[in-house]
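Subject: Model for you, with notes on cavities

Hello,

Here is the model we talked about.

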Amino acid sequence: MDHNKTPLFTALRKHAEHNPVQFHIPGHKKGVGSDPEFRAFIGDNALSIDLINIAPLDDLHQPTGVIEEAQKLAAHAFGSDYTYFSVQGTSGAIMTMILTVCSPGDKIIVPRNVHKSIMAAIIFAGARPVFISPARDSNLGIDHGITTRSVRRAIERHPDAKGVLVINPTYYGICANLKEIVDLVHSYDIPVLVDEAHGVLIHFHDKLPMSAMQAGADMAATSVHKLGGSMTQSSVLNVKSGRINPQRVQTIISMLTTTSTSYILLASLDTSRRNLALHGYEIAEKAITLAEYARQAINKIPGLYSFGEEILGDEATYDYDPTKVTIHVRHLGITGYETENWLRDHFNLEIEMSDMYNILCLITPGDTSDSVGMLIEALTALSAAFFEGAEARELVVKIPEIPQLSLTPRDAFYAETEVIPFRESAGRIIAEFIYVYPPGIPILLPGEVISQSNIDYIVDHVEVGLPVKGPEDRSIEFVKVIVEETAIF
């Protein structure tokens, strides 16, 4: 296929150049009706292609023209049979995957450290999650992926599962042996769904981990915007035919997608596909080279450590993406959160994410030697400010066992509820989410039975000021639980 072509973006430019008189939404009509300051900042070129699904521009909900052609080019670039553009982010693509394979009551095997969109989809579908605990790294205080052995045990206990979801790579860039997992799951004729939110570049460089499509997975939700150059909120859903009905995928993604689809986002997917297909190897090579330089420099700074190939070697750490630069800061005597704030306040530098012991910096095709140099300069100053005399924080990576699931998350979410003191909630069924950072995985999900160990763990985090998210009561003094009927004697 000719990847120089950008059928959708080209059609948008031609339409804007033709300058038709518009009696349709959006109401700003090429920017004339916009706030003047906003128009001046954004520019008339962008506003001129902020359009809707009029006939010359095709319709994302039932593409038969330039969007269909753009999606076919994307499928070729990503090695899939079908690719669907998402203007609902990767969250919309993930929800589509789960709703495609799950009906009410169906089981789906998922890692415990899932993105909240996965749990949202499980609630919408009325599915029953079977959780696998991710492998924990006791040296870094982070979670990796799920292992082939844990997947095998889950399938042996639940051979009626309708799907297995794998995160590849993890937020920190770590991969298990995806091909091995896919082959195992397919031996049971169960589809494999991949959360590939942080893996768009892995399709285009042999130094990076194997992509979901290369491994033979059935569906993969891939964030083009995170690392591939498209605009925020634009992603793709890649599909292999066979176990998956592409017509059902189209129906479900359409159900989840606004009818006012953003053509600016769609055009950015079309053009980013062109750039990746034509130049993906070179731009990924540039990011890898910069990241490896950064990692080497960071490891020379007192008190800091950024893992590399030495972390590999077991089931949970089969491969890694070097462009995800994780920096362990525990030996500076400060937390990752404190590091994030210090870098912002002192160097106007924003990082991707922080946890108790680490910060995460993404090196992308948008970086240069100058930006990486600024990072090294800032981290060198950080070390100078904190390393001397610092006492390393004790690394504790303990979480309670996964609670008993007594109701499906959907039944619990929509059940009659009451609010009670959290410290007195042991034995009750929770109706909301509670996430604790670190490690950022859910401690309690709707439908699970609250244990005293859950309560103690969460209270300990709250008392030392660490992030606890999810419940309606942000102070975590109260929790929403299922109303229990009084027994009749």
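A cavity here is a set of points, on a 1 Å grid over the protein atoms alone, where a 1.4 Å probe fits but cannot get out. Grid points are joined across faces, edges and corners, and a volume is the space filled by probe spheres set on the points. By this rule there are two cavities of 30 Å³ or more.

The model is predicted: local features need pLDDT of at least 70, side-chain atom pairs count only at pLDDT 80 or more, and totals for chains, interfaces and linings use all residues. Residues are numbered from 1 along each chain as its sequence is written, and side-chain values use heavy atoms, without hydrogens and water.

Largest cavity. It holds about 70 Å³ of space. Lining residues have an atom within 4 Å of a point. Here they are Leu 60, His 61, Gln 71, Tyr 84, Phe 85, Gln 250, Ile 253, Ser 254 and Thr 257. Strand 1 (82–86) and helix 11 (246–255) supply at least two residues each. Helix 11 gives the most, with three. Helices (H or I, at least four residues) and strands (E, at least two) are DSSP runs, numbered from the N terminus. The lining has four nonpolar, five polar and no charged residues. Nonpolar means Ala, Val, Leu, Ile, Met, Phe, Trp, Tyr, Cys and Pro; charged means Asp, Glu, Lys and Arg; the others, Gly among them, are polar.

Second largest cavity. About 40 Å³ of space lies in it. Its lining includes Arg 112, Glu 401 and Asn 454. Strand 17 (residues 441–444) gives the most, with three residues. By class, seven are nonpolar, one is polar and two are charged.

Best wishes

Key: 1 Å grid on protein atoms, 1.4 Å probe; cavity = no way out; pocket = protein on both sides within 12 Å on 5 of 7 lines; lining within 4 Å.
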